[in-house]
Amino acid sequence: MPLPRRGLMLAAPALIAAREVGAQGAFTRPVRLVIPWAPGGTTDILGRIVAEPLAQALGQPVLVENRSGASGNVGSDVVAKAAPDGHTLLFGSMSTHAMNHALMRSMPFDGVADFTPLAMLGFAVNTMVIHPSLPARTVPEFIAHARANPEKVAYASAGPGSTNHLCAALFESMTGVRMVHVPYRGGQPAVTDTVAGQTQLLFSAATQTMPHVQGGRLRLLAVTEAARWTRQPEVPTVAESVPGYEMAVWYGAFGPKGMDPALQQRLNAELNRILSLPAVHERLAGMGVEIAPESTEAFAARLRADAEKWGALIRRLGIEAS
């Protein structure tokens with residue numbers, strides 16, 4: 001049914017504007033890049049590394065804005081409710097978009113449906129380390145030790161529902177071992193007590209564990225991604241011993257839902273290009289972040305799969321965020 005003449009008059013400017021942004025990728029004012037965490041974390045550093053070259057590409061300043069709170073929900077909600085014109089973007093993470101919906105009793109947005117996936121920013125290399133007092137030197141040896149000593153191996157985490165916790169919970173679920181969860185208020189105390197031998201197992205970012213591995217205070221058994229770490233290819237993945245196991249702690253760029261597909265593709269291309277710049281690539285690698293450029297379609301599929309995978313595990317185990 002055709003629109004009334006008044007409806008056509010009102011709709012025409014919006015349609016023309018959307019077509020112009022889609023065709024030309026026009027950015028007419030500064031771009032707001034929301035980081036839903038406090039300054040200094042990996043997501044924040046990623047945003048500040050990318051902001052300058054992205055501003056050059058778009059022809060407008062890119063202003064990094066930290067909006068922390070509620071495990072990333074506060075800043076993410078700002079973007080979910082923004083206009084989908086490309087001037088408000090989010091650098092989020094797997095936790096905000098694929099885990100919080102199952103960990104929290106109330107959510108202000110849907111991490112999948114309320115956003116336009118723009119680009120995969122990278123993976124934080126995640127390690128499985130143990131205290132050297134344990135006899136195991138490989139993942140199979142650790143599994144054998146844990147099975148022979150049910151509920152005698154304690155694993156540390158940054159708190160209930162943290163990625164450390166979910167890594168270990170998935171490991172227990174897939175291997176049948178029974179361990180004791182010791183939650184802390186943050187990642188650093190979890191590392192400290194594992195180094196001290198108060199807990200014996202920790203799944204955590206390489207940036208936190210590798211200094212202790214190099215100092216002989218922790219033993220590195222594996223990484224949790226599907227592929228081996230490019231900087232230390234001799235280190236196996238957990239999946240080589242536990243087929244199907246994967247915890248890929250990723251960071252991604254999002255816009256509000258409803259973005260013009262041409263604008264979505266332009267931002268995907270620009271972000272993938274920036275991440276592949278040698279200086280950017282090297283700086284991220286030094287932080288333990290591996291870049292993995294993906295199409296918007298591949299990133300959207302990953303997002304849906306992870307939201308289903310982790311949501312199911314969290315609900316089955318009855319885990320709630322602390």
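## Strand 2 and its partner

In this predicted model, V34 has E65 of strand 2 as its bridge partner. Strand 1 (residues 31-35) runs parallel to strand 2, with five bridges between them. Strands here are DSSP E runs of at least two residues and helices are H or I runs of at least four, both numbered from the N terminus; two strands pair if DSSP finds at least two bridges between them.

## Helices on the sheet

Contact means heavy atoms within 4.5 Å; angles run from 0 to 180 degrees between N-to-C directions, with axes fitted to C-alpha atoms, for helices over the stretch in contact.

## The whole chain

The chain has twelve helices and eleven strands. Buried residues (under 20% relative accessible area, 1.4 Å probe, protein chains only) make up 51% of its 322 residues. Of the contacts with a separation of 6 or more, 77% join residues 24 or more positions apart.

## Ground rules

Residues are numbered from 1 along each chain as its sequence is written, and side-chain values use heavy atoms, leaving out hydrogens and water. Local features need pLDDT of at least 70 and side-chain atom pairs 80 or more, while totals for chains, interfaces and linings use all residues.

Terms used:
Buried means under 20% relative accessible area, exposed over 50%, partly exposed in between (1.4 Å probe, protein chains only).
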